[in-house]
Amino acid sequence: MGDYGSAMTRGNPDGGSQGRPKGVPRANVQQLKLMGQGHPTGLTPNLLKLFEARPMLEHTPPVQKRKLPAYTGMAQFVSRFAEPGDPEYAPPVPTCETKAEKKDRIRKLKLEQGADKVAKELQNYDPQSDPNTTSDPYKTLFVARLNYETSESRVKREFEAYGPIKRVRLVTDKDTNKPRGYAFIEYMHTRDMKNAYKQADGRKVDNKRVIVDVERGRTVPNWRPRRLGGGLGSSRICGANQKLPARYSLI
């Protein structure tokens, strides 16, 4: 307990009471003192509300149990059960498609769709009426597996070593206008075409080995291109051992 003349009470007209906070008017200090005089703890009414007890719970009568019907047996329903001979007794078990079956089904579907597409395109296939073909099929050399960057001038420069060339046709895609990797070369003389057919197979053009052949579309009967299921090879419709016409007998 401090002295009567201590620094806390010196100059304070209220004696032992503490000084009012700085910046708070005297009237506000008096209101705070009066608010704390209503309860022994000195708490304000809004703080005393936090410590009030909750209201008592409402009394409700106990729940009365509902009377349930008595249990009965199931003997009266046994006659409705399915017998071993009935279709409901053992319903068929649903079978799921395995991964191998799904793969085989998709493969067959693609083959059928491809066969339909080939049949439709084969009806319109007529190499004799193609306006882009060369004038003489027996002077024309077929060159495949070309580099996609190879130009017509490059092909002409490479195959002019076998004789004078009349025309070079580099086949391109109709939609994208990009090269498809094969071309037709028409020579001025038939002997030059035969010479190129014998010597140019396996020649490197732009770092790719090409294969050469005669133009079979207009010279071999019932010939089909590779896109229609034909072409050379034992698995193809035309076959690899199909004989050339008599005009190619000297090759």
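Start by selecting helix α5, residues 190–199: α5 lies across β1, β3 and β6 and runs at about 140° to β6. Axes are lines fitted to C-alpha atoms, for helices over the stretch in contact, and angles run from 0 to 180 degrees between N-to-C directions. Contact itself means heavy atoms within 4.5 Å.

Some ground rules before you click on. You're looking at a predicted model, in which local features need pLDDT of at least 70 and side-chain atom pairs count only at pLDDT 80 or more, while totals for chains, interfaces and linings use all residues. Residues are numbered from 1 along each chain as its sequence is written, and side-chain values use heavy atoms, with hydrogens and water left out.

**Under α5**

Stay on α5 and show side chains. Asp192, Met193, Lys194 and Ala196 are buried; that label means under 20% relative accessible area, with exposed over 50% and partly exposed in between (1.4 Å probe, protein chains only). The buried residues of α5 pack against β1, β3 and β6.

**The sheet**

Now select the strands below. Which order do the 4 strands of the open sheet take? They run β2-β3-β1-β6, with antiparallel pairing. Two strands pair if DSSP finds at least two bridges between them. At the edges are β2 and β6 (211–214), each pairing on one side only. Neighbouring strands of the sheet are turned by 25° against each other on average, direction ignored.

Zoom in on β1, residues 140–144: β1 and β6 pair in the antiparallel sense over 4 bridges. For a landmark, pick leucine 141, whose bridge partner in β6 is valine 214.

α4 lies across β1, β2, β3 (179–187) and β6, at about 135° to β2.

**Arginine 169**

Move to β2 (residues 165–172) and select arginine 169, which lies in that strand. Buried or exposed? Arginine 169 counts as buried because its relative accessibility is 18%. Leaving out residues up to four places away in sequence, arginine 169 touches Asp130, Asn132, Thr133, Glu152, Ala183 and Phe184.

**Salt bridges**

How many salt bridges does the structure hold? There are 10, each being a side-chain nitrogen of Lys or Arg within 4 Å of a carboxyl oxygen of Asp or Glu. Side chains of opposite charge can pair when their charged atoms come close.

Select aspartate 213 and arginine 216: their side chains meet in a salt bridge at 2.6 Å, N to O. Aspartate 213 counts as buried, at 11% relative accessibility, and arginine 216 is buried too, with a relative accessible area of 9%. Elsewhere, salt bridges that share partners join Arg154, Glu158, Arg203 and Asp206 into one network, so pick those four together.

Then jump to helix α3 (residues 99–123) and centre on aspartate 104. Its side chain meets that of arginine 107 in a salt bridge of 3.0 Å, N to O, and aspartate 104 also has a salt bridge with lysine 108, at 3.4 Å, N to O.

**A nonpolar patch**

Switch to a surface and select Met74, Phe77, Val78 and Phe81. Together they form a nonpolar surface patch with about 390 Å² of accessible area. Patches are made of residues with over 30% relative accessible area and no salt bridge: like charges are joined within 9 Å, nonpolar side chains (Val, Leu, Ile, Met, Phe, Trp, Tyr) within 5 Å. Areas come from the Shrake-Rupley method with a 1.4 Å probe; for residues, only the protein chains shown count as cover. Phenylalanine 81 is in the loop between α2 (45–48) and α3, and counts as partly exposed at 45% relative accessibility.

**Zooming out**

Select everything. The protein has 5 helices and 6 strands, running α-α-α-β-α-β-β-α-β-β-β from the N terminus on. Buried residues make up 22% of its 251 residues. The protein exposes about 20500 Å², and carbon and sulfur atoms supply 54% of that. Of its contacts with a separation of 6 or more, 57% come from residues 24 or more positions apart.

Notes. Helices (H or I, at least four residues) and strands (E, at least two) are DSSP runs, numbered from the N terminus.
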